Amino acid sequence: NIAVQTLYFRIDLTNNGTYSLSKKSKVIVNNLSEKLNVKVIFSEDLPPRWKVVHDYVKDLIEEYDNAGNKYFSYKVVTGDDIDKEARNYRLRKVPLGQISKDEQKLKNAYMGIVIQHAQLIEKIDRITNPAGLEFKITNKIEKMSTKVSKLLNIKDKIKLQLILDSNVKKLNIQNMDKVESVVKNAFTNVN
């Protein structure tokens, strides 16, 4: 009897490690203490020049996933969800030019990622060039992770003082009379 087990591994054979995460990136995603989710939001049917960027971004996020701990996850948004998610996170479209058979076509496409960590949201949109992308992603994750860790390490109850100028009430802002109760409820939920 022969038992066969499928092993998955990747080897980066480039001289400068183009397709490998840096040590810092690996450490950061391996030390997450709360859930972090990355959404890859790229329009479908991209011209070949831009499809390469999309594929690179997907591969890069997969490398983060391989290096990350149980708190790291990602999703490649597809189909009808692309427009909905892109609008939800206010991603901006990129005008993409494509020349074919003596005509130039212009297509607007979403090309971005959204990083969610606890209640924090960061985005990188209009990704047309992958150069420096790992650096940007890792810095955003590190910044978010530092904030989350600091909040999780607060031992004392949070104190809050709401100062509401009486002139603000004169501006006739809708639901201004509810601000105090909304802030109190949010404050109660935090403590």
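Helix axes are here lines fitted to C-alpha atoms over the stretch in contact, and the angle between two of them runs from 0 to 180 degrees between N-to-C directions. In this predicted model, helix 2 and helix 4 pack at an angle of about 45 degrees, with their axes 11 Å apart. Angles from 65 to 115 degrees count as roughly perpendicular and those under 35 degrees as roughly parallel; helix 2 and helix 4 are therefore oblique to each other. The crossing in which helix 2 passes helix 4 is right-handed. Helix 2 makes the contact through V57, L60, I61 and Y64, and helix 4 through L133, E134, I137, T138 and I141.

**The chain**

The chain has 191 residues, of which 30% are buried. It holds 6 helices and 5 strands, and from the N terminus on these elements run α-β-α-β-α-β-β-β-α-α-α. Of the contacts between residues at least 6 apart in sequence, 68% join residues at least 24 apart.

**Helix 4**

Helix 4 covers residues 133–152, which is 20 residues.

The buried residues of helix 4 are L133, E134, I137, T138, I141, M144, S145 and V148. They lie on the same side of helix 4, because the arc they cover around the axis is only 135 degrees. An α-helix has 3.6 residues a turn, so residues three or four places apart point the same way. On the other side of helix 4, F135 and K150 are exposed.

The elements against which the buried residues of helix 4 pack are listed below.

| Element | Residues |
|---|---|
| Helix 1 | 23–30 |
| Strand 1 | 36–42 |
| Helix 2 | 48–67 |
| Strand 2 | 72–76 |
| Strand 4 | 103–117 |
| Strand 5 | 120–124 |

**S145**

Leaving aside residues up to four places away in sequence, S145 touches L32 and H117.

**Summary**

Helix 4 has its buried residues on the same side, and these pack against elements that include helix 2 and strand 4. I137 and I141 are among the buried residues of helix 4, and both also take part in the contact with helix 2.

How values were computed: Residues are numbered from 1 along each chain as its sequence is written. This is a predicted model: local features need pLDDT of at least 70, side-chain atom pairs count only at pLDDT 80 or more; totals for chains, interfaces and linings use all residues. Side-chain values use heavy atoms; hydrogens and water are left out. Helices (H or I, at least four residues) and strands (E, at least two) are DSSP runs, numbered from the N terminus. The expected span of a helix is 1.5 Å times one less than its number of residues. Buried means under 20% relative accessible area, exposed over 50%, partly exposed in between (1.4 Å probe, protein chains only). The arc is that of the directions from the helix axis to the C-beta atoms. Contact means heavy atoms within 4.5 Å. Angles under 35 degrees count as roughly parallel, over 145 as roughly antiparallel, 65 to 115 as roughly perpendicular and the rest as oblique. A crossing is left-handed if the near helix is turned anticlockwise from the far one by less than a right angle, and right-handed if clockwise.
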